[in-house]
Amino acid sequence: MINLELPERFEGLTQLMRAVAQNVLRPISRKYDTQEHDVPVELKAIDRRKMAAARPTGQEDQPPAGSSGERQVRNGAAMAGVVSIEQMSWGDVGLMLSVPGSGLGNAAINAVATPEQKERFGACYASMAITEPASGSDSGSIGATARLDGDEYVLNGEKIFVTAGGRCDTVVVWATLDKSKGKSAIKSFVVPKGTPGMEVVKLEHKLGIRASDTATILFTNCRIPKDNLLGRADVSEGGKREAFGKVMQTFDNTRPGVAMMSIGCARAALDLTRELLEPEGLELEYDKPLWEAPAIEAEIYRMEADWEAARLLVLRAAWMADNGQPNSMEASMAKAKAGRVGNAITLRCVELCGSVGYSTETLLEKFARDSKILDIFEGTQQIQQLIVARRLLNKSSAELK
Ligand SMILES: Cc1cc2nc3c(=O)[nH]c(=O)nc-3n(C[C@H](O)[C@H](O)[C@H](O)COP(=O)(O)OP(=O)(O)OC[C@H]3O[C@@H](n4cnc5c(N)ncnc54)[C@H](O)[C@@H]3O)c2cc1C
C-alpha cells in the first residue's frame with residue numbers, strides 16, 4: 001500500500017517552519033525585493049542550528065496499518081529538509097536562501113569533508129562556486145586552476161553567480177589540478193573569506209530572488225593550506241570518484257531541495273490567487289466533476305493536480321535518500337517537473353488575477369519572478385532531462401551529451 005501522508009511527527013516541524021515563513025519572511029518579502037543587496041538583518045534571529053534541532057532525525061516509521069510490516073522505512077534528514085524548505089519557500093525563496101548557514105557549500109562539506117575538516121568548517125556559512133564565464137551546465141569544463149606549491153594550493157580564476165557569495169564566510173571553490181586530465185583533476189577547495197587573493201568584485205542585479213546575493217569572485221594567486229582540499233587529491237579514476245564524483249553526488253541530495261522551493265513558491269501563488277478570487281465569486285468544490293466547473297475553477301484544479309504530482313516526486317526523491325537508495329534519476333525527475341510546474345503555475349496565477357496579479361500591490365508578480373531561477377540553477381530543465389535520459393537509456397555522459 002502506498003501511504004502518501006507525511007508521518008505525524010513532521011507536523012510540529014511543518015508548523016514551526018510555516019510560522020517562521022508567515023511571521024518573519026512574509027512581512028519583509030517586498031522590502032528586500034525592492035532593496036536589493038541590503039542584508040536582511042531580520043534573518044539573524046533565525047538560528048539555523050536551532051531549527052535543525054527541531055527536526056526529527058532518521059527514526060524508523062511504523063509500517064502503515066494493514067501493511068505486512070516486513071519493511072521498515074525511514075523518514076529522516078532529507079525528508080525533514082524538504083518539508084522545511086516547502087514552508088520557508090512559501091514565505092519567500094530569496095530570503096530563505098539568505099538564512100545564514102544555508103549555503104550549498106555546506107552540503108558539499110557535509111558530504112565530502114574528513115572528520116578533521118568537518119571540525120574546522122562544519123559551522124561555517126559556505127557558498128559553492130562552480131560556474132565561470134565559460135563554464136555553466138558543463139561543470140567538467142571549468143578553467144579555474146589550483147597549483148600545489150609546498151604546503152599550499154594556489155588558486156586562480158573567476159567564479160560567477162555565486163549564491164550568498166557576498167554574505168557567506170567561506171566559499172567551496174571548484175578548480176582543476178590539471179586541465180588535460182578532465183573531470184578526474186577537478187577538486188573542491190574550502191577558501192575562507194579574507195584569504196588574500198580572493199575578492200568579491202560584483203553583486204548581480206536580478207529578475208527574482210533579489211533578497212539573495214549573487215556574487216562574482218576573483219581568485220588571484222590565492223593561497224590556501226593543502227588540507228583545505230575536499231576529498232582525495234590524486235587525479236586517478238579513484239580520485240575522481242572520491243572528489244568530483246562525491247561532490248556531484250551532493251546534488252542528488254540538494255536537487256530535491258531546490259525542486260521543493262518551486263513547490264513552496266507555487267503553493268504561495270495558488271493560495272494568494274484563491275484569496276484574491278474568492279471575494280470575486282470563486283468557489284472551489286473539489287467533489288464537483290471537472291466538466292461542471294467554470295473554466296477558471298477547472299484551471300485551478302488542473303494546476304493543483306500538477307503541483308501535487310511534482311510534490312510527490314520531490315517527496316519520493318527525499319525518501320529514497322533517507323532510505324539509502326540511489327536517487328540521482330528521481331532527484332532530476334523531481335527538479336525537472338517541479339521547476340516547470342512552478343514556473344507555469346506562478347505565471348498563470350498572474351494571468352488569472354489580471355492587472356492585480358501583474359501589479360506590485362500583491363506578491364503574485366514576485367512569485368513568478370522568483371520561480372524562474374528554480375528551473376535554472378542547480379542544473380537547468382534541459383540538463384535534468386538529460387540526466388534522466390542517461391539513466392533510462394544506460395548511457396554515460398560521454399555517450400549522451
Ligand atoms: C541567481 C543565480 C544563482 C546561482 N547560484 C549559483 C551558485 O551558487 N553556484 C554556482 O556555481 N552557480 C550558480 N549559478 C549558476 C547556475 O548554476 C548556471 O546559470 C546554470 O548551471 C546554467 O549555466 P549557464 O548559465 O552557463 O547556462 P548554459 O550552460 O550556457 O546553458 C544555456 C542554455 O542551454 C541549455 N543547455 C546547456 N547544455 C545543454 C545540453 N547538453 N543539452 C540541452 N540543453 C543544454 C541550458 O539548459 C540553458 O537553457 C547561479 C545562477 C543564477 C542565475
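I take a salt bridge to be a side-chain nitrogen of Lys or Arg within 4 Å of a carboxyl oxygen of Asp or Glu. The model I am working on is predicted.

**Entry 1. Salt bridges**

I began with lysine 337 and aspartate 306. Their side chains meet in a salt bridge, 2.8 Å from N to O. I then placed the two partners: lysine 337 sits in helix H10 (residues 328-352) and aspartate 306 in helix H9 (residues 295-322). The pair links distant parts of the chain, 31 residues apart. Aspartate 306 is partly exposed, at 33% relative accessibility.

How many salt bridges does a search of the whole structure find? I got 28.

Next I looked up aspartate 149. This residue forms a salt bridge with arginine 223, and the closest N and O atoms are 2.6 Å apart. Aspartate 149 belongs to strand E4 (residues 145-149), arginine 223 to strand E9 (residues 214-225). Aspartate 149 is partly exposed at 31% relative accessibility. Helix H12 and helix H2

I moved on to arginine 369. The side chains of arginine 369 and aspartate 33 meet in a salt bridge, at 2.8 Å from N to O. Arginine 369 lies in helix H12 and aspartate 33 in helix H2 (residues 29-34), so the pair ties together parts that are 336 residues apart in sequence. Are these two residues buried or exposed? Arginine 369 counts as buried, at 18% relative accessibility. Aspartate 33 counts as buried, at 5%.

Arg30, Asp33, Glu36, Arg210, Glu365 and Arg369 are linked in a network of salt bridges.

Lysine 366 was my next stop. This lysine lies in helix H12, which covers residues 364-373. Lysine 366 is buried, with a relative accessible area of 3%. Which residues does lysine 366 touch? Leaving out residues up to four places away in sequence, I listed Ser29, Arg30, Asp33 and Asp92.

**Entry 2. Cysteines**

I searched for disulfides and the count came to zero. Cysteine 222 is in no disulfide. Its nearest cysteine sulfur, that of cysteine 168, is 13 Å away. Cysteine 222 is buried, with a relative accessible area of 0%.

The cut-off I used for a disulfide is 2.5 Å between sulfur atoms. Cysteine 353 is buried, with a relative accessible area of 11%.

**Entry 3. Serine 89**

I found serine 89 in helix H4 (residues 77-91). Serine 89 is buried, at a relative accessible area of 2%. Where does its side chain reach? I traced the side chain of serine 89 to the backbone oxygen of isoleucine 85, at 2.7 Å. I also listed the contacts of serine 89, not counting residues up to four places away in sequence. They are Met96, Met260, Met261, Gly264 and Cys265.

**Entry 4. The ligand**

I turned to the ligand. How many residues surround the ligand? I counted 19, and the closest are Thr131, Ser137, Phe161, Thr380 and Gln382.

I looked up individual atoms next. A backbone N or O atom of methionine 128 lies 2.8 Å from a nitrogen atom of the ligand. Threonine 380 puts a polar side-chain atom 2.6 Å from an oxygen atom of the ligand. For glutamine 382, I found a polar side-chain atom 2.6 Å from an oxygen atom of the ligand.

I then checked how much of the ligand is covered. Taken alone, the ligand exposes 970 Å², and the protein buries 64% of that. Which elements give two or more residues to the shell around the ligand? I found strand E3 (126-129), strand E5 (152-163) and helix H13 (381-393).

**Entry 5. Backbone angles**

I ended with phi values. Isoleucine 209 has a positive phi of about 30 degrees, although this residue is not a glycine. Isoleucine 209 sits in the loop between strand E8 (198-203) and E9. Isoleucine 209 is buried, with a relative accessible area of 4%.

Asparagine 221 is a residue other than glycine with a positive phi, near 45 degrees. I placed asparagine 221 in strand E9.

Note on methods. Residues are numbered from 1 along each chain as its sequence is written. This is a predicted model: local features need pLDDT of at least 70, side-chain atom pairs count only at pLDDT 80 or more; totals for chains, interfaces and linings use all residues. Side-chain values use heavy atoms; hydrogens and water are left out. Buried means under 20% relative accessible area, exposed over 50%, partly exposed in between (1.4 Å probe, protein chains only). Helices (H or I, at least four residues) and strands (E, at least two) are DSSP runs, numbered from the N terminus. Contact means heavy atoms within 4.5 Å. A polar contact is a pair of N or O atoms within 3.5 Å; within protein, one must be able to donate a hydrogen and the other to accept it, and residues adjacent in sequence count only if both atoms are side-chain atoms. A residue is near a molecule or strand if one of its heavy atoms lies within 4 Å of it. Accessible areas come from the Shrake-Rupley method with a 1.4 Å probe; for residues, only the protein chains shown count as cover.
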